[in-house]
Amino acid sequence: MNFWKLIQRFVPPYRGQMALNILFNLLSTVLSLFSFAAIIPVLRILFGLTDIETRWVEWSSVNGIQDALAALRNNLYCILNEQISQHGAMYVLMLLGLFLILMTGFKCLTAWLANYYMVPIRTGVLRDLRKQLYDKILSLPMGYFTEARRGDIISRMTNDVGEVEASIMSALDILFKDPIMITVYLITLLLVSWQLTLFVLVLMPVAVFLIGRIGRSLKRASTKGQEQNAEILSSIDETLLGLRVVKGFNAQDKLRNRFLNLINATRATYNRINRRYYLAHPLSEFLGTALIAVLLWFGGLLILSDHATIDAATFIYYLVIFYSIINPAKDLSRASYGIRRGMASLERIDAVLQTTSNIREPEHPLPVVFQHELAFNDVSFAYRSDRPVLSHICLTIPKGKTIALVGQSGSGKTTLTDLVPRFYDPQSGAVTMDGVDIRSFSTHELRDWMGIVCQEPVLFNDTVFANITFGVDTSRPAPNGLTWRQAAEQAAKIANAHDFISAMPDGYDSVIGDRGSRLSGGQRQRISIARAILKNPPVLILDEATSALDSESERLVQEALEHLMRERTTLVVAHRLSTIKHADLICVLHEGQIVERGTHDQLYALGGYYTKLVDMQQ
């Protein structure tokens with residue numbers, strides 16, 4: 001991506017600050033020229049050149065810019081000579097010193113104001129980028145996260161965004177300031193001596209070529225470095241999640257060696273990146289010094305020639321301005337290196353931002369109506385085209401009934417339930433509510449009708465109250481004239497969670513730790529059930545909600561689930577078959593197809609798949 005396209009993409013919301021930044025940068029540069037201009041009369045006084053005969057030039061006789069500049073310079077010398085003759089050289093030197101201080105003060109003030117208005121642009125662009133990336137992560141379908149590595153996603157949201165902040169954002173003020181300075185200084189140099197300036201411009205492309213050559217290699221190496229950072233994060237993430245297994249199998253050395261290889265490879269990559277990056281400053285300094293040396297030689301030729309086009313004092317002024325170009329040019333070269341590093345990270349971020357979701361929102365969504373039944377009509381689905389997970393599923397779930405899905409692991413039970421809230425869309429067939437394809441509904445409104453309790457409860461590092469009320473909008477009034485605290489406590493009582501919550505140090509205001517780490521498995525599950533109860537959804541999806549619990553916890557959770565399932569349309573994925581004996585319909589899935597359906601007694605009497613599953617558990 002071209003950097004100026006990046007500017008057009010992110011900076012427009014901050015046009016006002018950008019205009020003020022450019023204005024004050026321009027003022028700062030112009031004021032610096034006035035500061036430098038005080039050097040010429042000072043040098044003339046010090047070198048005893050004030051006795052040059054000058055006559056006042058009438059402004060009415062001036063034609064063109066060159067004549068105007070010559071007349072201005074001539075008349076200033078007239079005034080200078082007059083003041084020296086009246087008050088002495090020391091008095092004039094004092095006035096010139098005060099002028100220099102005043103101009104420098106205004107220059108510093110405008111430079112600060114330019115940076116003052118740059119700060120909200122830098123922080124705002126970075127905030128916008130983070131917001132876009134986070135919003136995109138929230139909007140992407142579940143299928144994206146089955147293919148992408150979690151560590152890689154985290155790396156793009158942290159390391160890559162951090163690299164953009166450290167390189168591109170820090171380069172914004174340089175790119176808004178230094179081109180202005182270089183342009184104004186070059187125009188001034190042309191006006192002072194076009195011969196010298198033309199000579200410099202002939203030599204400058206050589207320096208630009210050398211610096212650009214190094215910058216291009218930085219982008220390729222930076223992309224590789226960010227990919228290696230993502231692998232490191234993935235390795236850390238896997239280690240933390242599987243630490244119990246790692247220690248149980250004494251696999252510490254194996255993981256340690258794998259991690260060491262990763263960080264050594266990353267170190268080698270960043271050695272190459274940073275060595276090239278740090279080459280920018282000395283290379284630009286060397287090239288700048290070489291240019292000045294050549295310029296001194298060529299300027300000497302012009303001054304000492306029989307037809308001198310520039311005097312010694314003006315040449316020194318020229319050198320001061322030219323040397324003032326070198327620092328912004330060096331900063332600009334370093335900024336270009338940083339931008340190339342940052343653009344590699346931005347391309348990785350854009351790979352996420354430009355991902356298209358296969359869950360399409362309808363242009364004109366229909367209102368969700370659920371009065372009669374939820375149905376799967378000849379539904380087929382595959383995560384990859386070569387391996388179908390569900391094949392021609394036909395199933396009708398009357399409103400208010402409980403349907404249980406059983407079968408061996410990998411038979412498609414969870415995938416079938418994921419089609420209902422549109423975590424995925426089927427490749428063929430349709431899921432309907434009262435005969436209307438759910439793809440005709442807004443996904444937000446559709447999911448408002450549903451509550452989900454998973455095998456592994458998803459809790460957040462927040463208070464118990466915040467986790468229970470996670471699925472509702474607490475800015476609206478609570479139901480039945482209650483406060484949200486009262487409604488949360490009522491839901492917790494139904495979920496058999498109120499007693500252990502009340503026994504916690506801060507009750508409902510207790511923080512439960514990362515992923516609910518301060519609670520037992522049964523307690524975490526009961527809080528997630530309380531969350532579903534508080535939401536009070538018409539459709540309930542239970543995905544093996546009791547399979548990972550001990551007998552006592554299972555009993556308490558099962559009681560809570562029975563309260564939750566009353567008068568709701570419920571789709572239950574069951575591992576422990578004893579928990580679904582009273583379901584209105586049990587469907588047995590095998591290799592993505594419903595091979596048996598009926599009540600517990602009917603299926604057990606068949607002596608088929610279901611009978612084998614029950615007998616194995618007994």
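This is a predicted model: local features need pLDDT of at least 70, side-chain atom pairs count only at pLDDT 80 or more; totals for chains, interfaces and linings use all residues.

**Exercise 1. A strand with cover**

Work out how many residues of strand β3 (residues 402-406) are buried, and which strands pair with β3.

Solution. 
- Step 1: Start with the cut-off: a residue is called buried when its relative accessible area is under 20%. By that rule, five of the five residues in β3 are buried.
- Step 2: Now sort them by side. In a regular strand, side chains alternate between the two faces of the sheet.
- Step 3: Look for neighbors. β3 pairs with strand β8 (residues 569-573) in the parallel sense, over four bridges. Strand β9 (residues 585-590) also runs parallel to β3 and is joined to β3 by four bridges.
- Step 4: Zoom in on Ala404. Its opposite number in β8 is Val572, while in β9 the bridge partner of Ala404 is Ile586.

**Exercise 2. Positive phi**

Find where Asp378 and Asn536 lie, and decide how exposed each one is.

Solution. 
- Step 1: Recall the background: most residues other than glycine have a negative phi.
- Step 2: Check the angles. Asp378 has a positive phi of about 50 degrees, and Asn536 has a positive phi near 55 degrees.
- Step 3: Asp378 belongs to strand β1 (residues 373-384), whereas Asn536 is in the loop between α18 (521-535) and β7 (539-543).
- Step 4: Asp378 counts as partly exposed because its relative accessible area is 35%. Asn536 counts as exposed because its value is 52%.

**Exercise 3. A helix and its span**

Compare the reach of helix α10 (residues 252-277) with the expected length, then list its buried residues.

Solution. 
- Step 1: Count: α10 has 26 residues, and 38 Å is expected at 1.5 Å a residue.
- Step 2: Compare: from first C-alpha to last, α10 reaches 36 Å, close to that expected value.
- Step 3: List: the buried residues of α10 are Leu262, Thr266, Thr269, Tyr270, Ile273 and Tyr277.
- Step 4: Think about direction: residues three or four places apart in an α-helix point the same way, because there are 3.6 residues a turn.

**Exercise 4. A nonpolar patch**

Which residues make the nonpolar surface patch, and is Ile101 buried or exposed?

Solution. 
- Step 1: Tyr91, Met94, Leu95, Leu98 and Ile101 make the patch, about 480 Å² in area.
- Step 2: Ile101 lies in helix α5 (residues 89-139).
- Step 3: Ile101 is exposed, because its relative accessibility is 59%.

Notes. Residues are numbered from 1 along each chain as its sequence is written. Side-chain values use heavy atoms; hydrogens and water are left out. Patches are made of residues with over 30% relative accessible area and no salt bridge: like charges are joined within 9 Å, nonpolar side chains (Val, Leu, Ile, Met, Phe, Trp, Tyr) within 5 Å. Accessible areas come from the Shrake-Rupley method with a 1.4 Å probe; for residues, only the protein chains shown count as cover. A salt bridge is a side-chain nitrogen of Lys or Arg within 4 Å of a carboxyl oxygen of Asp or Glu. Helices (H or I, at least four residues) and strands (E, at least two) are DSSP runs, numbered from the N terminus. Buried means under 20% relative accessible area, exposed over 50%, partly exposed in between (1.4 Å probe, protein chains only). The expected span of a helix is 1.5 Å times one less than its number of residues. Two strands pair if DSSP finds at least two bridges between them.
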